[in-house]
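Work through the exercises below with the sequence and the 3D view side by side. Try each task before reading its solution.

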Amino acid sequence: MKSFHAHIYYTPESRPAAIMLHSQIARAGLPLLYFGKLIDRPIGPHPLPMFEVDFTETVAPQLESLLHHYRSGLSILIHEVTGRDTRDHSDGARWLGEKLPLDFSVFET
């Protein structure tokens, strides 16, 4: 079964919107693989604070509908998890909202 990540980005100014979206996801009660807390600093390839939601293709329609409806202008990166990190976060990614520049150097070995 395919799995996916959604990275929901925010700034200090848009943090209240991220908290609201995080709450909406929690209230939905979807069977998620992982539901992360807000990380108030850039981490890995991600240029802004964010939180991550991991989910299967079974949950994708419901979660993506929720993300579209409640994103309140936040940028969201959605990608399949294939083990090819650079590809997953670039060519294999879809964006809701503004596309942000990622730091792919963290994937180089």
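**Exercise 1. How many bridges join β1 to β3, and in which sense do the two strands run?**

Step 1. Count the bridges: 7 of them join β1 to β3. Strands here are DSSP runs of E with at least two residues, helices are runs of H or I with at least four, and both are numbered from the N terminus. Two strands pair if DSSP finds at least two bridges between them.

Step 2. Read the sense: β1 and β3 run antiparallel.

Step 3. Check one position. Ser-3 stands opposite Thr-56 in β3.

Before going on, note the ground rules. This is a predicted model, in which local features need pLDDT of at least 70 and side-chain atom pairs count only at pLDDT 80 or more, while totals for chains, interfaces and linings use all residues. Residues are numbered from 1 along each chain as its sequence is written, and side-chain values use heavy atoms, leaving out hydrogens and water.

**Exercise 2. Work out the strand order of the open sheet.**

Step 1. Start with β2 and β3. They pair in the antiparallel sense over 2 bridges. Tyr-34 stands opposite Asp-54 in β3.

Step 2. Write the order. The 5 strands of the open sheet come as β2-β3-β1-β4-β5, with antiparallel pairing.

Step 3. Find the edges. β2 (34-35) and β5 (93-96) each have a single partner strand, so one side of each lacks a neighbour in the sheet.

**Exercise 3. Which strands do helices α1 and α2 touch?**

Step 1. Take α1 (residues 15-28). It packs on the sheet and touches β1, β2, β3 (50-56) and β4. Contact means heavy atoms within 4.5 Å.

Step 2. Take α2 (residues 60-70). This helix also packs on the sheet, touching β1, β3, β4 and β5.

Step 3. Compare directions with β3. The angle is about 25° for α1 and about 150° for α2. Axes are lines fitted to C-alpha atoms, for helices over the stretch in contact, and angles between N-to-C directions run from 0 to 180 degrees.

Step 4. Place the elements along the chain. There are 3 helices and 5 strands. From the N terminus they run β-α-β-β-α-β-α-β.

**Exercise 4. Are the residues of β3 buried or exposed?**

Step 1. Set the cut-offs. Buried means under 20% relative accessible area, exposed over 50%, and partly exposed in between (1.4 Å probe, protein chains only).

Step 2. Apply them: 7 of the 7 residues of β3 are buried.

Step 3. Sort the side chains. In a regular strand they alternate between the two faces of the sheet. Met-50, Glu-52, Asp-54 and Thr-56 point one way from β3, whereas Phe-51, Val-53 and Phe-55 point the other way.

Step 4. Buried residues make up 39% of the 109 residues.

**Exercise 5. Which class does the ring pair of Tyr-9 and Trp-95 fall into?**

Step 1. Apply the rule. Rings of Phe, Tyr and Trp (its six-membered ring) pair if their centres lie within 6.5 Å; planes under 30 degrees apart count as stacked, over 60 as edge-to-face and the rest as tilted. The count comes to 4 aromatic pairs.

Step 2. Classify. The ring centres of Tyr-9 and Trp-95 are 5.8 Å apart and the planes lie at 20°, so the pair is stacked.

Step 3. Locate the partners. Tyr-9 is in strand β1 and Trp-95 in strand β5, 86 residues apart, so to speak of the pair is to speak of distant parts of the chain. Both Tyr-9 and Trp-95 are buried.

Step 4. Contrast Phe-104 and Phe-107. Their ring centres are 6.4 Å apart with planes at 45°, so this pair is tilted. Phe-104 is partly exposed, at 28% relative accessible area.

**Exercise 6. Where is His-22, and where is Arg-87?**

Step 1. His-22 is in helix α1. At 18% relative accessibility, His-22 is buried. Beyond its neighbours within four places in sequence, its contacts are Phe-35, Gly-36, Lys-37, Leu-38 and Phe-51.

Step 2. Arg-87 is in helix α3 (residues 85-89). Arg-87 is partly exposed, at 36%.
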